[in-house]
Amino acid sequence: MKRAIVAIAVFVLAVTAQLRAGPSPLEQQLFDLLNREREKAKLSKLEWNDRLAQAALAHSRLLDDHQELSHQFGGEAPLPERVGATGARFNAVAENVAEAQEDDGARNLPMKYPGTGVANAHAGLMGSPGHRANILNTDYNAVGISIVQDGQKIWVTQDFAHVLASYTEKQFRDAVVTGFNSARRARGLRAIASVNDNRLRSAACAQDMNTDRMIQNLPGATTLLVFSLAEPGPLPNDLRKAAADKTLDRMNIGVCLQTGGRAGFSKFWVVTAFYRSAE
């Protein structure tokens, strides 16, 4: 039996073109194989993501053009920037690439799907510790896969990410205020008023960390906090401490969404100014 030829490379980070409408049959096959591995490992399945698939397609075409495996060719942006350019919001990303050949001798093996090149690629990826780690990584909740065929050869790109829910700045600001006042009520304190402050939003967009200078331009403000979050959730420690302050009367807040850029990762920058009651 002729042996399958599988060449693979790995890339991990701690880590906008028109979107495609779902996977091709071969990509669906590889997607199903990937999720079966996660199911066997008692992990949650990954969701298909068209934006990740769009980034993967652009890279698979370059693999085919260059006829070699690489995670970044000359003139190509780094992986986070490529994924960010599609409009995806994420805070972790990784990539597997593979080259596989159809194996005529493997056609007699019992398989649910045709396309032994896909089976060969998957077997090679699972046999490599780095690639297997990406496939079974609990940090990721989505994947986009692209397969470019070139005769009997296929070029494969799998782009994994922890994709974040989409929020407008207002939705995110409201979530922070709601979380803050919920923390106050849990301590038996009353909720405080909140004011959307465009000055603070400008500071958030600039990622201005000079709180001493900023607070001088906010008459009456007693405390100023600057922080970033990828998505609503547990409050930062300093914000939880502020929620426990019974003397606070008002919170001014500015929120700015930072997406893409050279890092490619998305997060919201938040600036809050607190005011105490006159009593």
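**Entry 1: helix α2**

I began with the buried residues of α2 and got Leu52, Ala53, Gln54, Ala55, Ala56, Leu57, His59, Ser60, Leu63 and Asp64. For my own use: buried means under 20% relative accessible area, exposed means over 50%, and partly exposed is in between, with a 1.4 Å probe and protein chains only. Helices (H or I, at least four residues) and strands (E, at least two) are DSSP runs, numbered from the N terminus.

A note on the source: this is a predicted model, where local features need pLDDT of at least 70, side-chain atom pairs count only at pLDDT 80 or more, and totals for chains, interfaces and linings use all residues. Residues are numbered from 1 along each chain as its sequence is written, and side-chain values use heavy atoms, with hydrogens and water left out.

Next I checked the length of α2. The helix runs over residues 50–66, which is 17 residues, and it reaches 24 Å from first C-alpha to last, close to the 24 Å expected at 1.5 Å a residue. That expected span is 1.5 Å times one less than the number of residues.

What do the buried residues of α2 pack against? I found β2 (47–48), α3 (79–84), β3 (90–101), β4 (142–150) and β5 (153–163). Contact here means heavy atoms within 4.5 Å.

At the start of α2, I saw a side-chain oxygen of Asn49 come to within 2.9 Å of the backbone nitrogen of Arg51.

**Entry 2: Gln67, just past the helix**

Just after α2 sits Gln67, with a positive phi of about 55 degrees, and this residue is not a glycine. I placed Gln67 in the loop between α2 and α3. Gln67 is partly exposed, at a relative accessible area of 39%.

Which residues does Gln67 touch, leaving aside neighbours within four places in sequence? I got Asp150, Lys153 and Trp155. The side chains of Gln67 and Asp150 are joined by a polar contact of 3.1 Å, and the side chains of Gln67 and Lys153 make one of 3.5 Å. A polar contact is a pair of N or O atoms within 3.5 Å; within protein, one must be able to donate a hydrogen and the other to accept it, and residues adjacent in sequence count only if both atoms are side-chain atoms.

I also looked up Gln67 against Glu99: they are 32 residues apart along the chain, with 9.2 Å between their C-alpha atoms.

**Entry 3: two other loop residues**

Glu76 also turned up in the loop between α2 and α3. Is Glu76 buried or exposed? Glu76 counts as buried, at 11% relative accessibility. Not counting residues up to four places away in sequence, Glu76 touches His59, Leu62, His71 and Arg82.

Lys42 is in the loop between α1 and β2. Its phi is positive, about 60 degrees, although Lys42 is not a glycine. Lys42 counts as exposed, at 76% relative accessibility.

**Entry 4: the disulfide**

How many disulfides are there in the whole structure? My search found 1, taking a disulfide as a pair of cysteine sulfur atoms within 2.5 Å. The disulfide joins Cys205 to Cys256, S to S 2.1 Å. Cys205 is in helix α7 (residues 198–205) and Cys256 in strand β8 (residues 248–260), so the pair ties together parts 51 residues apart in sequence. The link of Cys205 and Cys256 is right-handed, with 100 degrees about the S-S bond. Cys205 is partly exposed at 28%, whereas Cys256 is buried at 3%.

**Entry 5: rings**

I counted 5 aromatic pairs. Rings of Phe, Tyr and Trp (its six-membered ring) pair if their centres lie within 6.5 Å; planes under 30 degrees apart count as stacked, over 60 as edge-to-face, and the rest as tilted.

One of the pairs is Phe31 with Trp48, edge-to-face at 5.5 Å centre to centre and 80 degrees between the planes. This pair links distant parts of the chain, with Phe31 in helix α1 (residues 25–40) and Trp48 in strand β2, 17 residues apart. Both Phe31 and Trp48 are buried.

Tyr167, Phe172 and Phe268 form one aromatic cluster.
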